[in-house]
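Reader: I am new to this structure, could you walk me through it? Please show me the sequence and the model to begin with.
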Amino acid sequence: MESKIKPEKPIRAENWDINETTHLVGLLQTHIQVVDNKRYDIKAINAKKEDWASIMAQFELKYGNRRSLPELKEKWKRIKLAAKKEVSEHNRSSRATGGGEAPPPLSALTVAVEGLCPRDFVQIANPFDDDAAAPTSASAGDMGVLTAEQYLQGQGQGSGSQGFDV
């Protein structure tokens, strides 16, 4: 009979504190157009590698070798996901009926992330979604809500769009 050997659990990394997180977001402010570029050609990939190396070097100056480059990239991805979730929940609760308290304001980190990459927070209106705000021509631009057709035509890019030329 074969003995089953359990694989060892990976060593868990130290939790991120709020200072590390805000420092990472601060470092990304100067590199956001390259780091969040959706292009996937060799020029864009090399520019991303250079910018992430620069971010890593600046992060190490303050915090030492506590984090690896893949950890920084994963943290940025998770920060964006958490911000999108918070904005979505805030929008949903602000449209809720039945009275009660107003939803709490968005966190400072979420507001900063939304300012860094506004295209990731554009809502695409769906006329069949009963949980969505009904966009009107006057309020759609104010709320950041677009129809799918407007989005595909590039109307949601506005002044907050990121240049995709690297």
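**Glu20 and beyond**

Author: Leaving aside neighbours within four places in sequence, Glu20 is in contact (heavy atoms within 4.5 Å) with Asn15, Phe59, Tyr63, Arg66 and Arg67. This is a predicted model, in which local features need pLDDT of at least 70 and side-chain atom pairs count only at pLDDT 80 or more, while totals for chains, interfaces and linings use all residues. Residues are numbered from 1 along each chain as its sequence is written, and side-chain values use heavy atoms, with hydrogens and water left out.

Reader: Where is Glu20 found, and is Glu20 buried or exposed?

Author: Glu20 belongs to helix 1, residues 18–28 (helices are DSSP runs of H or I with at least four residues, strands runs of E with at least two, numbered from the N terminus). Glu20 counts as buried because its relative accessible area is 0% (buried is under 20%, exposed over 50%, partly exposed in between, with a 1.4 Å probe and protein chains only).

Reader: What about Ile124, which strand is that in?

Author: Ile124 lies in strand 1, residues 123–125, and is partly exposed, with a relative accessible area of 44%.

Reader: Switching topic, where is confidence lowest and where highest?

Author: By pLDDT, the predictor's confidence in each residue from 0 to 100, helix 6 (residues 137–143) is lowest with a mean of 46, and helix 3 (residues 42–63) is highest at 95. Over residues 137–142 the pLDDT is below 50, and beyond near neighbours in sequence this stretch has 2 contacts in the model.

Reader: And what does the protein chain average?

Author: The protein chain has an average pLDDT of 82, and 82% of the residues score at least 70.
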